[in-house]
Amino acid sequence: MSVTVAIAEPGQHTEGPHWDHRTNTLLYVDLLDPCVCRWDPVTGERDKLKIDRSPGCVVPRESGGVVVAAGTKFASLDFRTRQLTTLAEVNHDKPTNIFNDGKCDAAGRFWSGTMGKDSAFGKFEFGAGSLFCLHPDRSVTKAFGGVSISNGLAWSPDSTVMYYIDSLLFSVDAFDYDLSTGTPTKRRKVFTFDPATSVPDGMTIDTDGNLWIALLNSGQVVQVDPNTGTQLRAVKFPTDRVTSCCFGGPNLGVLYVTSTRVNMSPDQTLQQPLSGCVFQVTGLGAKGRPGMYYRG
């Protein structure tokens, strides 16, 4: 196993990595330097597109381009024309909320959740957020509210279970999932973390159904079997501030991991200068599943 830097230019708060297997590029966002990035690991070229609101995540769109959850809006983004077009808006009662992490299910619905504006940066507004779903017809439904920091999402290989993280609950929760309607039910905890040492952030799933969870402040990504509730292994990084992860590369065997330098003191930044970079892990012996596209 090897941990190396994939993208050496550090961002402020890189998040939401998503492998686009159609173009063999890595998509990700920076919440604080509000932009959406597309990086080609073969050429090393990165297209950085600044936007006018804080993006929480990005997914490719089946019809072309990408869709972002940014501010309180779902919006399409065209890298060629550089145009951002609103598809739907949420949290009308809480206009200062912002979207955070998100993904698409196997039916092409785009799921993303919100949080209080400053929650990612240390000033928590408990229970201010909600988990939303943007359907292919561009209608939006709210799954539930009372969310503090909406974060990682994943589905089991057969799409019958949805996994979800609200970071301030310090757990991974599971739901029974009806793919035909996009309805999660029967919420329960499948893994819990020690609040004193680990804040669960973004996550992904491998072909064996094991979860890979980025732990903010502890500088590691852990592999967890959600069926037994056991941690299988941990991968350490040269920064304490990892934020999310996804599998990518030609065979979906590379784990890409984003990180942040938010709230780091000058001394911490000197000690961990790679904070904010995007890392890659090879030789894990695990593979991911192709990321889903938004079908609207």
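What volume does the largest cavity have? I looked this up in a predicted model, where local features need pLDDT of at least 70 and side-chain atom pairs count only at pLDDT 80 or more, while totals for chains, interfaces and linings use all residues. Residues are numbered from 1 along each chain as its sequence is written, and side-chain values use heavy atoms, without hydrogens and water.

**Cavities.** The largest cavity has a volume of about 310 Å³. I took a cavity as a set of points, on a 1 Å grid over the protein atoms alone, where a 1.4 Å probe fits but cannot get out; lining residues have an atom within 4 Å of a point. A volume is the space filled by probe spheres set on the points, which are joined across faces, edges and corners.

I found 20 lining residues for the largest cavity, with Lys103, Thr204, Arg289, Pro290 and Gly291 the closest to its centre. The largest share, three residues, comes from β2. Strands here are DSSP runs (E, at least two residues), numbered from the N terminus.

I then turned to the second largest cavity, at about 40 Å³. Its lining is Gly16, Pro17, His18, Val58, Asp101, Gly102, Lys103 and Ser244. β2 and β10 each give two or more residues to this lining.

**Sheet.** I noted an open sheet of four strands in the order β6-β7-β8-β9, with antiparallel pairing. Two strands pair if DSSP finds at least two bridges between them. β6 (55–60) and β9 (83–89) are the edge strands, each pairing on one side only. I counted five bridges between β7 (residues 66–70) and β8 (residues 73–78); alanine 69 has phenylalanine 74 in β8 as its bridge partner.

Conventions: On a 1 Å grid over the protein atoms alone, a cavity is a set of points where a 1.4 Å probe fits but cannot get out, and a pocket is an open set with protein on both sides within 12 Å along at least five of seven lines; lining residues have an atom within 4 Å of a point.
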